[in-house]
Amino acid sequence: MKKKTEKKDYKEVNDILADIRSDERVQEMKNFVQHGDVSTYEHCENVAKMSYNIDKALSLKSDLNTLLKGAMLHDFYLYDWHKGNGSKELHGFAHAEKAEENAKKYFHVDEETSKVIRSHMWPLNLTKLPDSKEAWIVCVADKCCSLHETLFRRKRKK
């Protein structure tokens, strides 16, 4: 029996995401703050692991390549959203399209993975309804991780 303090084995996650994680552009996400004191890279890692955990806990048997790549690249927009994105569009409404564009450009993701990235901001983006179990899982995992990071991972002011 595993001890509660023992870390989960994410070998399957690590194997699927190895190439994406090692990419220099993905590594750039470590330079941008997402929520609280969490980088965009760490947030995407959190969403990927939570998505994996949801899939396994509920025996959903998702396509793990689609699920994990979509989760890891869902915020692959490469700018500091606190300073704006260079356009007049609000980050919450625009970044999913930029992340999808970057994922297609740099990783040649398939349409199913694109849909996961494109729809992760539902219901804020009402017209981008998740239409696969992978997209729904990432959408839910993103909300859970974002809430936790925002409420509990804030830098403490002295």
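Visitor: How are H1 and H3 oriented to each other, roughly parallel or roughly antiparallel?
Guide: This is a predicted model. In it, H1 and H3 pack at an angle of about 150°, and their axes are 11 Å apart. Angles over 145 degrees count as roughly antiparallel. The two helices H1 and H3 are therefore roughly antiparallel.

Visitor: Which residues of H3 does H1 meet?
Guide: H1 passes H3 in a right-handed crossing. On the H1 side the contact is made by Glu12, Val13, Leu17 and Arg21.

Visitor: How many residues of the contact of H1 with H3 are charged?
Guide: The contact divides into 5 nonpolar residues and no polar ones, and the charged residues number 5.

Visitor: Which residue forms a salt bridge with Glu45?
Guide: Side chains of opposite charge can pair when their charged atoms come close. For Glu45, the closest N and O atoms of the pair are 2.5 Å apart. A salt bridge needs such atoms within 4 Å. The partner of Glu45 is Arg21.

Visitor: How many residues apart in sequence are the parts that Glu45 and Arg21 tie together?
Guide: Glu45 forms a salt bridge with Arg21. Glu45 lies in helix H3 and Arg21 in helix H1 (residues 11–22), so the pair ties together parts whose separation in sequence is 24 residues.

Visitor: Is Arg21 buried or exposed?
Guide: Buried means under 20% relative accessible area. Glu45, the partner of Arg21 in the salt bridge, has 13% relative accessibility and counts as buried. Arg21 has 13% relative accessibility, so Arg21 counts as buried.

Visitor: At roughly what angle do the axes of helix H3 and helix H7 cross?
Guide: Helix H3 covers residues 40–57 and helix H7 covers residues 133–152. Their axes come within 8 Å and cross at roughly 125°. That makes H3 oblique to H7. H3 passes H7 in a right-handed crossing, and the angle asked for is roughly 125°.

Visitor: How many residues of the contact of H3 with H7 are nonpolar?
Guide: In H3 the contact includes Val47, Met50 and Ile54, and in H7 it includes Ile137, Val138, Val140 and Ala141. The contact of H3 with H7 also has 4 polar and 3 charged residues, while the nonpolar ones number 9.

Visitor: How many salt bridges does the structure hold?
Guide: One of them joins Glu100 with Lys104, the closest N and O atoms being 3.5 Å apart. Another joins Glu112 with Lys115, where the closest N and O atoms are 3.1 Å apart. The number of salt bridges in the structure is 13.

Visitor: In which helix do Glu112 and Lys115 both lie?
Guide: Glu112 has 34% relative accessibility and so counts as partly exposed. Glu112 and Lys115 are 3 residues apart, about one turn of the helix. The helix that holds both is H6 (residues 111–118).

Visitor: Is Lys104 buried or partly exposed?
Guide: Glu100 and Lys104 both lie in helix H5 (residues 91–107), 4 residues apart. Glu100 has 8% relative accessibility and so counts as buried. Lys104 has 38% relative accessibility, so Lys104 counts as partly exposed.

Visitor: How far apart in space are Met121 and Lys143, C-alpha to C-alpha?
Guide: Met121 lies in the loop between H6 and H7, and at 15% relative accessibility Met121 counts as buried. Met121 and Lys143 are 22 residues apart in sequence. In space, C-alpha to C-alpha, the distance between Met121 and Lys143 is 8.6 Å.

Note on methods:
Residues are numbered from 1 along each chain as its sequence is written. This is a predicted model: local features need pLDDT of at least 70, side-chain atom pairs count only at pLDDT 80 or more; totals for chains, interfaces and linings use all residues. Side-chain values use heavy atoms; hydrogens and water are left out. Axes are lines fitted to C-alpha atoms, for helices over the stretch in contact, and angles run from 0 to 180 degrees between N-to-C directions. Angles under 35 degrees count as roughly parallel, over 145 as roughly antiparallel, 65 to 115 as roughly perpendicular and the rest as oblique. A crossing is left-handed if the near helix is turned anticlockwise from the far one by less than a right angle, and right-handed if clockwise. Contact means heavy atoms within 4.5 Å. Ala, Val, Leu, Ile, Met, Phe, Trp, Tyr, Cys and Pro count as nonpolar, Asp, Glu, Lys and Arg as charged, and the others, Gly among them, as polar. A salt bridge is a side-chain nitrogen of Lys or Arg within 4 Å of a carboxyl oxygen of Asp or Glu. Buried means under 20% relative accessible area, exposed over 50%, partly exposed in between (1.4 Å probe, protein chains only).
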